Amino acid sequence: QITTLINHKDKPKRSDKTLQAIQRVGQAVNLAVGRFVTVGEAIANENHELKEEMSVACIEARRAGETIAQLTDVASLDHPESDSHITIFTDKTGVVKAARLLLSSVTKVLVLADRIVIKQIITSRNKVLATMEQLEKVSSFQEFVQIFSQFGNEMVEFAHLTGDRQNDLKDEKKKARMAASRAVLEKCTMMLLTASKTCLRHPDCESARINKDGVFHRMRLALEQVIEIVTDSRPNGENEMAPISIYSGIKEFKNKVEGLRENLYFLSKENLSTMLEVILEHTEDFTDSAYTSHEHREHILELSKQAKMELEQLVSVWMQAQNQKTKDLMEDLEVAILKTCQCMNELKREVHSAATSLAADLLKYHTDHMVLKALKITGVEGNLEAVAEYTCKLSEQKEQLVEMCRLLRHVSGTEPLEITCIHAEDTFQVTGPQIISAAETLALHPSSKIAKENLEVFCEAWESQLSDMSLLLREINDVFEGRRGEKRVYLSLPRPGKHNANLKALKPVKLDTEEQAKIAKLGLELHLLTSDVDSETEKWEDQENEIVQHGQGMSSMAYSMYLFTRGEGLLKTTQDLFHQAEIFATEGTKLASALHALSDQVHNDDKPLLLLEAEKLISMCKQLQITAKASAQGKSATFTKVDACILKTRNVMTLLCQLLPLCCKLLRKNKAGNGCLKPAPPWKEDRLRTGTNARTPERRVDTFGIKSLENHVTNMTFLESK
């Protein structure tokens with residue numbers, strides 16, 4: 001709105017409509033500022049240490065908003081140019097100054113508010129740490145019950161704060177790290193309860209003490225990582241040095257090689273050689289692994305050798321081209337570039353196949369959880385010798401799974417998935433020994449119900465991580481193959497020869513960089529909305545429900561349109577985009593039909609609201625179809641049409657975000673007891689799509705097991721007597 005005011009054209013003749021529009025914009029800005037400042041002032045009153053700074057920023061913002069409203073108060077002026085009253089027409093620089101002051105002060109308020117949020121999280125963490133110290137030193141059940149109840153409430157508060165913060169993070173890598181830390185805290189909270197109870201019941205048992213100490217140590221590390229992410233800092237000023245994966249190394253190497261087409265002098269041959277050496281060193285993780293098949297190992301070694309030869313040939317032609325830029329040499333260089341990149345693609349495909357086939361085999365082999373079942377049985381029997389035998393087998397299984405995670409990280413394809421692989425590796429590394437110590441404790445005290453319960457909790461954590469690995473493997477495969485999550489069934493893309501005949505005559509128009517930048521903001525909003533829709537559909541237990549399937553399909557198509565705004569993805573031209581918009585609108589119409597069908601099942605009180613939303617959806621989809629089918633001649637008209645299609649798609653997605661929770665609520669209301677919701681697995685909170693966002697009214701992050709934790713704290717009883 002401010003930009004609209006500053007960029008308005010100074011026409012000699014100003015209609016009443018123009019004057020009223022300017023005044024409305026000015027008043028809207030002032031009202032928005034007023035609402036914003038009211039929140040800022042409330043925050044200031046609750047946080048005395050920043051009250052003065054916040055109050056000054058709020059006063060500046062309010063003053064700037066009022067100035068803009070005064071300067072745009074032009075609707076009542078018949079001849080503003082002759083009036084002594086200063087307006088936007090007589091003093092445009094005043095509006096510019098007020099706008100600058102407004103943006104500056106609003107930024108100050110946001111920064112101060114952010115500092116307060118960070119402080120709240122740190123304070124909450126400190127409370128949790130202090131209570132954990134008390135829990136470690138406790139010596140009686142009664143005292144433990146009291147302190148753990150307090151600890152549970154503090155963890156719930158910390159969960160809410162960090163969940164909101166995770167939503168606000170823009171960096172996908174940080175989001176993934178936050179999700180991993182919160183997943184650890186979720187599982188460890190319950191582990192801490194049973195491990196502490198076991199230690200209290202058997203105070204002289206060394207394995208019980210080791211088990212409990214491991215949980216406390218892991219929770220402290222997770223809490224520390226949350227603070228590092230929130231404050232954007234590392235202990236002792238260290239820089240985070242994550243190991244480079246093969247996937248990212250090949251991507252960077254290919255970018256450099258392909259850059260030679262534009263500039264022969266922007267890097268040295270030594271740089272390229274070093275980059276390839278690093279990649280080939282990482283392939284040794286595969287060739288040295290005992291779990292890589294002989295066939296994969298041989299192929300990787302052959303491709304590594306070929307890659308060196310292709311680079312040598314490329315460097316030779318490249319050096320010649322630097323000295324003499326002839327047509328023949330440039331053609332030879334192009335061939336060398338293509339052959340080098342092709343070889344690297346084959347290497348990437350081979351390591352991907354090696355990692356994913358190993359993962360699939362291991363996950364299939366360990367789905368029966370035979371070792372865990374055997375540990376539980378032999379533990380209850382008090383058979384120490386058998387427990388020792390099965391702990392050795394679990395250690396072997398742990399080494400296999402850790403190796404699997406390391407290899408998967410190399411081919412995960414994105415930084416968030418890399419972090420998820422690292423988190424999974426850590427989980428197996430830590431949980432394995434904890435299961436062993438819990439099993440040893442049970443074997444030493446076979447009649448102890450608490451020791452048995454404790455072993456169950458750690459085994460469940462192991463099984464849960466194995467289940468998450470299956471989902472992670474599917475996600476990695478989808479990224480590698482250019483699909484997005486589970487949405488490949490719904491991704492309806494234009495294919496040559498499958499459209500209307502009249503489309504063939506139209507010359508596709510590609511947007512230039514400047515035009516893509518203009519729609520980038522719209523595209524980002526679309527991306528955030530697809531994350532919200534994905535988050536909502538994942539909450540449905542019945543994934544076969546017609547409403548869910550249409551919602552997933554629309555989300556997938558909207559995501560492909562978002563990728564188009566970035567110049568990425570499978571939609572290459574504007575004609576591709578328009579066709580996708582038509583398919584999207586058709587899918588929306590089908591969803592509206594499903595809503596009509598649902599309205600016949602709900603109570604009469606709910607029916608009008610559902611039908612009203614369905615009619616809104618039908619109307620929006622019709623408008624989008626009309627826009628997508630309208631002819632557009634020339635570049636300017638085509639860009640306008642692109643802009644309109646994305647805008648209308650965004651509006652439909654906004655409505656979809658409201659429809660999905662409403663439908664699920666109505667289904668739950670009408671089918672009490674069946675349950676249509678299920679919590680999403682913790683690691684899924686930071687998917688490529690990435691994830692969730694805080695723009696919508698509802699909380700989008702499942703704050704790690706808050707409901708189950710609250711219930712547990714409320715109902716916690718210790719039925720066993722000393």
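Me: Where is Asp288 found, and what makes it count as exposed?
Reply: Asp288 sits in the loop between helix H9 (269-287) and helix H10 (294-323); helices here are DSSP runs of H or I with at least four residues, numbered from the N terminus. Its relative accessibility is 62%, and exposed means over 50%, buried under 20%, and partly exposed in between (1.4 Å probe, protein chains only). So Asp288 counts as exposed. Bear in mind that this is a predicted model, where local features need pLDDT of at least 70, side-chain atom pairs count only at pLDDT 80 or more, and totals for chains, interfaces and linings use all residues. Residues are numbered from 1 along each chain as its sequence is written, and side-chain values use heavy atoms, with hydrogens and water left out.

Me: And why is Ser268 called partly exposed?
Reply: Ser268 has a relative accessible area of 27%, so it is partly exposed. You'll find Ser268 in the loop between helix H8 (246-259) and H9. From C-alpha to C-alpha, Ser268 and Val315 are 9.6 Å apart in space, though 47 residues apart in sequence.

Me: What makes Tyr559 and Tyr562 a tilted pair?
Reply: The structure holds four aromatic pairs. For Tyr559 and Tyr562, the ring centres are 5.5 Å apart and the planes are at 50°, so the pair is tilted. Rings of Phe, Tyr and Trp (its six-membered ring) pair if their centres lie within 6.5 Å; planes under 30 degrees apart are stacked, over 60 edge-to-face, and the rest tilted. Both Tyr559 and Tyr562 are buried.

Me: Why are Tyr559 and Tyr562 separated by about one helical turn?
Reply: Because they are three residues apart in helix H18 (residues 546-565).

Definitions and conventions:
Helices (H or I, at least four residues) and strands (E, at least two) are DSSP runs, numbered from the N terminus.
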